Amino acid sequence: MTTAVTIPRHGGTGGRTAVAARARQVVKAYGAGETRVVALDHVDVDIARGQFTAIMGPSGSGKSTLMHCLAGLDTVTSGQIHLDETEITGLKDKKLTQLRRDRIGFIFQAFNLLPTLNALENITLPMDIAGRKPDAAWLRQVVETVGLAERLKHRPTELSGGQQQRVAVARALAARPEIIFGDEPTGNLDSRAGAEVLSFLRRSVDELGQTIVMVTHDPVAASYADRVLYLADGRIVDEMLSPTADQVLDRMKDFDSRGRTS
Amino acid sequence: MTVWKTSRRNFFAHKGRMALSAVAVLLSVAFVCGTLVFTDTMNTTFDKLFAATSADVTVSPRSPEDNDRLPGNGKPVTLPASAVEQVGKATGVKDAEGAVNSMSVTVVDSHNKNMGSTTGAPTIAGNWTKNELRSMEITSGHAPRGPTEVMVDADTADKHDLKIGDELRTIAATGDINAKISGIATFKVTNPGAAIVYFDTVTAQTKLLGRPDVFSLISVTAESGVTDAQLKRNVATALGDTSAYKLQTQKEAADANKDSMGSFLDVMKYAMLGFAGIAFLVGIFLIVNTFSMLVAQRTREIGLMRAIGSSRKQVNRSVLIEALFLGIVGSVLGVGAGVGLAVGLMKLMGAMGMDLSTKDLTVAWTTPVVGLALGIVVTVVAAYIPARRAGKISPMAALRDAGTPADGRAGRVRAAIGLVLTLAGGAALLAATRADKSSEGSLFLGVGVVLTLIGFIVIGPLLAGFVVRVLSALMLRMFGPVGRLAERNALRNPRRTGATGAALMIGLALVACLSVVGSSMVASATEELDKSVGADFIVEPAGGNPTLLVDQAVKSLESVPDIEHLTGYKVVGAGLTAPDGTTENKALAAVDPTYQEDVRRETVAGKLADAYDKDAMSVGDTYATKHHLKVGDRLTVAFKGGETAKLRLAAITSDDVNIDKGAMYINIATAAQYVPADSLPENMMMFAKAEDGKEKEAYAALKDALVKYPQYEVKNQADFKQQLKDQIGQLLNIVYGLLALAIIVAVLGVVNTLALSVVERTREIGLMRAIGLSRRQLRRMIRLESVVIAVFGALLGLGLGMGWGTAAQKLLALEGLGVLEIPWPTILTVFVASAFVGLFAALVPAFRAGRMNVLNAIATD
């Protein structure tokens, strides 16, 4: 079991700790007795603030489960998860919801936007729900960064898949969450649109100091990250810093062959 | 066969989503079957009762009432005792008994409490004969002997806790009979409510008929082997001249009795079936919505079926087969529930004093057939449009990643059709308000109501868009982003919102319309009472029983002090011949001259006071115009049971009224001149005016005077108005109660739409929860959407209903309904209540949405 080491590449953490989220001995199991399936097996992980972290692994490795647990969407069987100084394991639904609303941003693979709201309304939705006024200057900056200024009044059905994901990115950024979780955010996009979205994520880390955790199985997507964590059978088996697509691919092939031979 | 299989699997896979539709079918079918079973059971009960109580052949006197439609005079109609002997000598007669039978009696206990039925069933007094043993048996004590003994039926005894030895006073037109209970007789069949007392024959003759040598009818029993028809012929031969008699076999007598009962039952049956029809109509919306949503949710699946080779027809049929399953399940349960409902209704009637026995429960074979056929046909027909839409789904839908396709904007064609219908309906309603004749006006009204209703249903989706936006601006905005989400959700599928709201609209439109007409009736009547009634008090039979005032009660009233005048009001039948030679049977109002102060009438010619002169009368202007009468003309009046007189027309009254519309007045003295005292009817009601400043004392004294006669009551003007209001209120409440079924189905529709929408929006809800929408906010969002739909339906319904009601009032103004009164408290209550109904409807869907697992909802499979 590897304990990931945090290497902050950017300053500006503003007195906060360098670790945005951390998991300790996290176990997630489904069922009981013979049908018991362990999705996460005593995982320890630190997510560095201001970094872009990718979580990779084959299907069923537990990567999505890990992300869901870190994001407060799922509960753990045992272990602790902290978001900054807040322990989120054991929080009641109400507190968890508030936490997701105020401190976390999400980008899902598909179905990120409410069809009844236009792009701008979708972007400001988390703040609207919280009853907060969005910071106008920041909002303008985010919208310009993702290049949606012209399309703010459009409904999701009037946007392309890439545009929809960019709206989702803008929504995640607009509320200035401590951490953004992406669940295969480019999984449904062609490579060009995917690249566009990933560059935005990269830029938000570089220019805005945003912390991002992304689950993906695409080596190219992972290459945008500062750090890649590899999961297999519910454990973190490896990590890679400043990866390139080729390196990632090689490493995965490596796991594959090891998996087959072992 | 595969179509069947997939349909069946689909049906059972989605049974939860079908549940509310099934309940809607169930309720409507149950109401239809319940009504049929209940009315059939009532019919059976009366059939058995009448069959059991009638003799093989009954001989009764032929009374004038049998020929014309004039009211009786309240005096007993008799045949001579000698006729019994004559009949007894006829061949084939085993037994002929003279029977005494009077329905114009009231029986009270020692506390002057009326022993009669409260449900309109008669009180009957008679003599105890062998014929009664067909349907009754003495279960305690003995048959009455002598003038101070009376026997009572067991149901009445039970209801009023009467025991042998208790004192009963029977109030008859010929005087009071005080007697102690000597025995109790029990019906062998179900007696739905008539109170019956028996005396011995002599007492019954002298006290009920006034003479010892007469009877009311003859009960004839046949010797064995003689048919009733044969017996009837023999009896006719024995009587010789039968012009004074009416002969009926058992079957004829039972049928005649049933006819008078049957028309009442039919009215009730068709009224209730009408309300069941409304519930069905509302249920159609629910079913259409359900299948539309199921088809929409299954778009990809259906696309796949099409892609792998299902034909349009097969897809179409598979949806219809599911509807068939739904119809069958709902109807079968509905038929069962209907029988239960009928039993419940019988129990309810029992609680109100009408005894019905479940032993007589009648489920005709037609009942389940009608119930099943209706339920299944309505369901399948309602599912036809969604089924057709399913057939049109292209195979490409399987490949598209669209979640739920938007329903699309309501079409322009639809808008145009709806608008045209609504405008045409509005024009018809307007025409109804301007109509001169009520017959053509009511045609316009009917057409207008139907067209505006259909028009509103058709443009419902458009109106939904507009109304929801307005509502949202008024009430949702204050709920912030949650309100906005609710607004968008209500707007996203206008057709669905429109149909859900329209279902609620139908019931509420009827409620609003009837409440407008009802309160206008009260307002109009009150206004007229204020304008024209000068009497302080009116004495009438209590509880609407058509009993005439017996002499004893009149005497008691006459002795009341502080009364300026007391006016008698009799209805006297007469054949009236106008100078143009036409003869009509008319009911004349024979009143004391003081009546012109009690009820002020406008005259169009002559002076009403003159009509009370000797040999004078008045008529209404409708009759006068029809027969070209003028003051001074002479009318030939053939008094029923009396002589024919020539009366001078002294006044013509205006018929533009509700009270005494078309009445023809004569002085009681004039009537008494031509009608012998024993044929002159008793007072139907009386009016009284107190001396100035003595109103209170007079009112109390009048009440005192009637303590011994609980079948009558005295009312002052305030009481009278209140009673009028109560009566209309009661009638409206019954109608509202019956409409409640349609409204319940509509509310189920709101629940259904929300529940299915929640399922449909699973991923959306998951997304919102993931990005921080709290459970409370989510539930509030769904509740607000529900409230908006309900309030939308209420607005449409109330608006439409008030329009209908106003048009109806303007039309009925021709019939004297001159005052329009919109019952704002009722309207507002319904409006506010509909918002609460919305909250209530959202209860379960909101709870389920809140419980939804966020992860499952967003899982990207």
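The following dialogue explains how several descriptions of this predicted model are reached.

Visitor: What makes up the secondary structure of chain B, and how much of the chain is buried?

Guide: Chain B comes to 25 helices and 24 strands. Of its 861 residues, 50% are buried. Its C-alpha trace spans about 100 × 70 × 50 Å along the principal axes. Among contacts between residues at least 6 apart in sequence, 85% join residues at least 24 apart.

Visitor: Why is Asn188(A) called partly exposed?

Guide: A residue is buried with 20 or more other C-beta atoms within 10 Å of its own, and exposed with 12 or fewer. Asn188(A) has 19 C-beta neighbours inside 10 Å, and therefore counts as partly exposed.

Visitor: Where does Asn188(A) lie, and with which residues is it in contact?

Guide: Asn188(A) is found in the loop between strand S7 (179-183) and helix H6 (191-208) of chain A. Leaving aside neighbours within four places in sequence, Asn188(A) is in contact with Gln109(A), Ala110(A) and Gly161(A). Asn188(A) and Gln109(A) are 79 residues apart in sequence, with their C-alpha atoms 6.4 Å apart in space.

Visitor: How do you know that strand S11 of chain B is mostly covered?

Guide: The strand holds residues 195-199, and five of its five residues are buried. On one side stand Ala195(B), Val197(B) and Phe199(B), and on the other Ile196(B) and Tyr198(B); both faces of S11(B) are covered. In a regular strand the side chains alternate between the two faces of the sheet.

Visitor: What makes S11(B) a partner of strands S6 and S8 of chain B?

Guide: Two strands pair if at least two bridges are found between them. Strand S6 (residues 123-127) of chain B is joined to S11(B) by five bridges, and the two run parallel. Strand S8 (residues 149-153) of chain B has two bridges to S11(B), in the antiparallel sense.

Visitor: Why are S2 and S5 of chain A called edge strands?

Guide: They belong to an open sheet of four strands in chain A, with the order S2-S1-S4-S5 and antiparallel pairing. Strand S2 (37-48) and strand S5 (86-87) each pair on one side only. Strand S1 (residues 19-30) of chain A and S2(A) pair over eight bridges in the antiparallel sense. Within S2(A), Val45(A) is the bridge partner of Ala23(A).

Visitor: What surrounds the buried residues of helix H2 of chain A?

Guide: In this helix (residues 93-103), Leu96(A), Thr97(A), Arg100(A), Arg101(A) and Arg103(A) are buried. The buried residues pack against strand S4 (78-83), strand S6 (104-107) and helix H3 (119-130) of chain A, together with H21 of chain B.

Visitor: What makes up the side of chain B that touches chain A?

Guide: The contact joins 20 residues of chain B to 23 residues of chain A. Helices H13 (480-492), H21 (762-770), H22 (775-812) and H25 (854-858) of chain B each supply at least two residues of that side. The largest share, five residues, comes from H13(B). By class, this side of chain B has eight nonpolar, seven polar and five charged residues.

Visitor: Which residues have the most contacts inside the largest nonpolar core?

Guide: This core has 233 residues, and those with the most contacts inside it are Leu70(A), Val169(A), Ala170(A), Ala279(B), Ala742(B), Val745(B) and Val788(B). Helix H2 (residues 15-53) of chain B gives the largest share of the core, 20 residues. Leaving aside neighbours within four places in sequence, Ala279(B) is in contact with Leu27(B), Ser28(B), Phe31(B), Leu741(B), Ala742(B) and Val745(B). A second, separate core of 112 residues includes Val59(B), Ala83(B), Met136(B) and Val675(B).

Visitor: Into which domains is chain B divided?

Guide: The division gives domain 1 (1-35 + 263-405), domain 2 (63-243) and domain 3 (548-710). The C-alpha centres of domain 1 and domain 2 of chain B lie 53 Å apart. Their contact takes seven residues from domain 1 and eight residues from domain 2. On the side of domain 1 that touches domain 2, three residues are nonpolar, two polar and two charged.

Notes: Residues numbered from 1 in each chain as written. Chains lettered and ligands numbered in written order. Predicted model: local features only at pLDDT ≥ 70, side-chain atom pairs only at ≥ 80, totals over all residues. Contact = placed C-beta atoms within 7 Å. Nonpolar A, V, L, I, M, F, W, Y, C, P; charged D, E, K, R; others polar. Core = buried A, V, L, I, M, F, W, Y, C linked by C-beta atoms within 7 Å. Domains from an automatic or database assignment.
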